[in-house]
Amino acid sequence: MKITTQIVEKHGLKIEEFENIKKLLKREPNLLELGIFSAMWNEHCSYKSSRKHLKKLPTEGKQVIQGPGENAGVIDIGDDDAIVFKIESHNHPSYIEPYQGAATGVGGILRDVFTMGARPIALLNSIHFGAPEHPKTKSLLNGVVSGIGGYGNCIGIPTVAGETKFNETYNENILVNAMAVGHAKKDRIFYSKAKGINKSVVYVGSKTGRDGIHGASMASAEFDENSDEKKPTVQVGDPFTEKLLMEACLELMKDNSIISIQDMGAAGLTSSSVEMASKGDLGIELELDKVPCREENMSPYEMMLSESQERMLIILEDEKEKDAKKIFDKWDLDFVVIGKTTNTKNLTLKFHKKIEGEIPIDALASKAPIYDRKWIRKKPSKAKINLKDLSNIKIEDALIKILSSPNHSNKNWITSQYDQMVMCDTIQRSGTDAAIVRIHGKDKAIAVSVDSSANYCKSHPITGGKQIVCENWRNLITVGAKPLAITNCLNFGNPENKEIMGEFAECLEGIKEACEFLNYPVVSGNVSFYNGTNNKNIFPTPVIGGVGLIKKISKPLSHHFYKDKSIVMLIGKTFGHIEQSVFLKENFSIDDGMPPEVNLHNEKNNGEILLKLINEGLILSSHDVSSGGLITALCEMAIGSENGAKIQKPKKLNNLYKYFFGEDQARYIIEIEAHDLPKVEKVLKDNNIYYENIGITQKEYFEIEGELKISNKDLFKINNEWYNSY
Amino acid sequence: MKFSVTVTLKKDVLDPQGKVVKNTLVNMGINNLKSIRQGKNFEIEIDEKDQLLAEKKIDEMCKKLLVNLIIEDYKISKIL
Amino acid sequence: MKSSVIVFPGSNCDRDIAVALKKLQFENQMVWHKDTSLPKSDLIVIPGGFSYGDYLRSGAIAGKSTIIDEVIKAAHAGCLILGICNGFQILTETGLLKGTLLRNKNLKFINNDVHIKVMNNDTKFSNKYKKDQILKINIAHNEGNYFTNIKHLEELEKENLIAFKYCDENGNSNEKSNPNGSLKNIAGIFNENKNILGMMPHPERMVDEMISNNDGVNLFSSLLN
């Protein structure tokens, strides 16, 4: 079949890329080979637009066992325990078929974790939808939440934390990022690097169908009016089979049969076989007629590009086939030797003994294009705010507007659809700063949180990138965990657009700076480009998933006020930065201006000292201050608690609105026993930490002296109204 | 008029339920079973005397709500 | 006391119940669904989860496993059987308990802490509880809506075979406190000989104060009594 320009374009490849392929092969590729290049060279698999910038991120540290480059990142949490985690996007499929798109997103990220030998112990998600009034939003929200729950609950892994946000920027391009965290023994981590010649390449799991053929290309293409036609490429998830696959793999991993293992995700058999061979600098030969198929007459092209779910590729030690097959038979899963490793350094595809395609591995992997796309820096902007206008609104009304808004309303409507308790190790569930999951059978636990700040990133990408790493870090500190490392999902628009590429480059600069300063390296992640429709791109949305360690567990430190008559303190200085605040957006529809400045020194200092105070048992409750400012954070501590607080107006009064609604960073609210005040103040003073004693706790009411008084029950009602009426 | 709408998964779409049900029946001794696909059935009674108009309405209902056109097919038949 | 936990493909709460049983002094064994015989057991537990993915109907396919015949034999011989959540669904599919579990009224999966009332504390499963004692307990299910025919309902009420009812924190059992729409707010039932208990809430999640509370402990202590 003659490869025409049209065929090349339909495969998502540019003409220059096709010319490059011809040069590397020293001939024209056939259709099968073209398909394989299209899968390996698209953005999702090759990271061609992002690799140059991703290289800048800090990925190392004493706590890092494995950084980016494997199926997931691995960190050391002491006593030969390791945590394996990663976040991934499934944006485009979820827009097309929300239930299955979200479900298969969860399935995919779980495989990335257990393929490394870790039993998954927690799921998190960061999901973003368009404006609630947008006609598609409701059904997308329902579908995605059902899909996440449907998959996670069935496989029996608790979904313990997440965030759900609404913004018109996602109207035509929702974001569904799924994160999985698993526990493994340090000396039993499995990697995907192929080793040894003539080793068996084994296919395990579900049969191969025609699902998702060219899904990897779809993820790399913007939507247009014809997006509806792209429908047939969405896969259906089977969490039951994945549960069997997970148990079978974990069972096989108990001994030394596995040389290397990789899950079949985007671009299925193609990406898994090529990546394993590439890492091992070997060749791989596959006999495609051996691939278990669930449809009749599947062609080699279809088999190589199928994205049927719940499948793994294993390279097995000699003599281990029989015992390994017994395990997979027990779990009723297919187990077939479909090929072997070779020393040719080629991907050789045979079908009924005839060679249908042969490509040098490095042409697909290491020689895949890397682009240095042009980009421009974002210019700082200023919001036109007339301070006098602000006083047109009562503080109480502004507060209610925020607490009852879709973005700040209680998400129990969503989280109650996820089983958070299965596996019986969830010490702190969602609805808190970070979830806490115990390491099974041990006295220690991890804290996990996932966060994003698209508005900040849009207005000033470097600051936004810095800020979101800090916020994630603070969320772990505030529950008493030492932040160890992050995974990031970088959701952006079209990288061929200079401004978008600039957002990417600058956000990464900010992320890099914060991660380096805080010793909070990036161990895994995912890039999702082309989140745009008809040239309208989404706000830059880097999502940060962080993991921290609580060495010795005790009753969890929550953000709810613990008792009455204790002292409420604010750690960190309030400058009253009101630009880019939720207050301005919700009450005045103003969304321009600069985000608050991020002072990394204060972030580190304030957080480390707070952790010290927590470890000394001096903190009754703790909460970080982020979107919505001080007053919103205080109310969050009151809602759901029997106790509220009585807060004084600031002594140096410039503007009440700026003080209570400003979103200055590096701040925490803490509650301490009155008799511990001298001790705590001494620690703060000795470490040059700015703090204010802002009030005391009291039963039932939240009060700003002389300004407002509202009962916790009323706050609860206001905060729980929106979802129930949506 | 009464109609029956049978909704099935599209040909190439994975049917996890059908697969497990088939395996279970095979394990129960039914051994010449080739495949099972699970779907659903709607019985719809509509107040419309003209059959063509009625079918058009049912078709609209399918497209708008009853059927997930992304992964399902459907067949409308009149119940006598 | 010896217990066996049956593990089906897709059972998720098997490890959870095994940990609880061990903590509360049971000698426990895990039994694979393909096994053809049961170890000697005083208590057989069918755990929660999504056996066979809940495909076709929850519990329908597990109800046809090889090992179920042995469980039925043991039940008829008076062995104590506890079915939790999916285990309850499986027991109804086998006929060891009458009735069925339908989709939750609001058609969504619900994971929440709810309150249940001990309706009958004169059984091997509940003698350590007080009558009408209120327990706070976790539920996590899609199909927890218990339903049965009028004749069986009359029997349940007459013979005091309702084990637990959903209620509020003050013990009022009503529609508002019922999370899934189950008939008469039923959360768990016994068979006529009271040696089989099926319940939707998860007692094994309530034996550890670090994650929840200890309201589930007495169910297991009752059995050891």
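Leaving aside neighbours within four places in sequence, Val448(A) is in contact with Ala122(A), Leu124(A), Val160(A), Ala161(A), Val181(A), Ala434(A), Ala435(A), Val437(A) and Val547(A); two residues are in contact if their C-beta atoms, placed from the backbone, lie within 7 Å. This is a predicted model, in which local features need pLDDT of at least 70 and side-chain atom pairs count only at pLDDT 80 or more, while totals for chains, interfaces and linings use all residues. Residues are numbered from 1 along each chain as its sequence is written, and chains are lettered from A and ligands numbered from 1 in the order in which they are written.

Helices (H or I, at least four residues) and strands (E, at least two) are DSSP runs, numbered from the N terminus.

Now turn to Ser524(A), which sits in strand S18 (residues 522-528) of chain A. Is Ser524(A) buried or exposed? Ser524(A) counts as buried because 29 C-beta neighbours lie inside 10 Å; the cut-off for buried is 20 or more other C-beta atoms within 10 Å, with 12 or fewer for exposed and partly exposed in between, C-beta atoms being placed from the backbone. Beyond four places in sequence, the contacts of Ser524(A) include Pro68(A), Phe85(A) and Thr487(A). Lys86(A) is another of them: 438 residues separate Lys86(A) and Ser524(A) in sequence, yet their C-alpha atoms are 5.6 Å apart.

Finally, look at where the chains meet. Chain C gives 24 residues and chain A 23 residues to their contact. On the chain C side, helix H1 (14-23), strand S6 (110-118) and strand S7 (134-141) each give two or more residues, and S6(C) has the largest share, three residues. That side divides into eleven nonpolar, seven polar and six charged residues. Here Ala, Val, Leu, Ile, Met, Phe, Trp, Tyr, Cys and Pro count as nonpolar, Asp, Glu, Lys and Arg as charged, and the others, Gly among them, as polar. Chain C also touches chain B, with six residues from each of these two chains; the chain C side has four nonpolar, one polar and one charged residues.
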